Amino acid sequence: MNVRRRVAFATFLAFASPAMPGAALAQSAIAAAVGKPVSLPDIAIGSANAPITITEYSSMSCPHCAAFGQNVFPMLRSKYIDTGKVRFVFREFPLDIKAAAASILARCIGKDDSEKYLGAVEMLFKLQDRLMAQTKDTLIYVGKQHGMSEQDVKTCEEDQAQFDKLNADQQYAHRELKVTSTPTFFLNGVRLQGSMSFEELEERIEPLLKK
């Protein structure tokens with residue numbers, strides 16, 4: 001993909017720097033900050049009235065994110081999301097330009113439909129190795145599987161406004177929420193960094209449901 005847009009994408013790589021100093025926000029303040037969409041519409045599924053909200057910051061180039069999406073998320077969805085106990089919010093935190101391009105394609109496919117977006121993400125995660133090795137061809141392939149022509153994919157990837165919004169949201173997550181790696185989860189405002197098994201998530205979810 002001729003993703004030649006201006007080098008704002010270098011900022012995607014700047015997040016390896018240490019987290020900003022200063023006292024951490026109180027949990028309630030963090031929960032409020034996490035709950036605020038910045039530039040792009042939220043990708044969310046599950047009841048808006050669910051007692052628990054899990055927000056995941058994910059990169060399409062992150063193997064641990066792909067493993068969570070393929071192995072843990074289906075169980076989380078079946079037991080907690082589809083039953084109204086958990087609202088799940090998916091947020092992009094691309095670690096490189098290939099992940100950014102994949103996220104933008106998923107946005108174009110979804111067109112603000114969370115289910116369509118997550119369906120594209122599922123496919124992109126399954127094709128992650130191919131995405132990293134043959135980015136352009138993989139984006140075109142995934143686009144075509146969702147009814148897009150090659151020109152549609154090209155136009156999507158050249159939408160600088162979308163990239164700018166993606167960049168702004170990532171900067172917000174880094175600056176305000178101290179997200180520095182993927183996957184990072186927020187469970188009702190509590191930050192959980194790194195891979196999470198279904199059993200680990202369940203141990204944290206169940207006590208909250210009993211309150």
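## Salt bridges

Eight salt bridges are counted in this predicted model, a salt bridge being a side-chain nitrogen of Lys or Arg within 4 Å of a carboxyl oxygen of Asp or Glu. Side chains of opposite charge can pair when their charged atoms come close.

One of the bridges joins Glu-115 to Arg-77, with 2.6 Å from N to O. Glu-115 belongs to helix H4 (residues 114-126) and Arg-77 to helix H2 (residues 63-81), so the pair ties together parts that are 38 residues apart in sequence. Helices here are DSSP runs of H or I with at least four residues, and strands are runs of E with at least two, numbered from the N terminus.

Glu-122 and Lys-126 also form a salt bridge, at 3.5 Å from N to O. Both residues lie in helix H4, four residues apart, which is about one turn of the helix.

## Exposure

Glu-122 is partly exposed at 43% relative accessibility, whereas Lys-126 is exposed at 56%. Buried means under 20% relative accessible area, exposed over 50%, and partly exposed in between (1.4 Å probe, protein chains only).

## The sheet

Five strands form an open sheet with mixed pairing, in the order E1-E3-E2-E4-E5; two strands pair if DSSP finds at least two bridges between them. Strands E1 (43-45) and E5 (190-193) stand at the edges with a single partner strand each, so one side of each has no neighbour in the sheet.

Strand E4 (residues 184-187) pairs with E5 in the antiparallel sense over four bridges. Phe-185 has Leu-192 in E5 as its bridge partner.

## Basis of the values

Residues are numbered from 1 along each chain as its sequence is written, and side-chain values use heavy atoms, leaving out hydrogens and water. The model is predicted: local features need pLDDT of at least 70, side-chain atom pairs count only at pLDDT 80 or more, and totals for chains, interfaces and linings use all residues.
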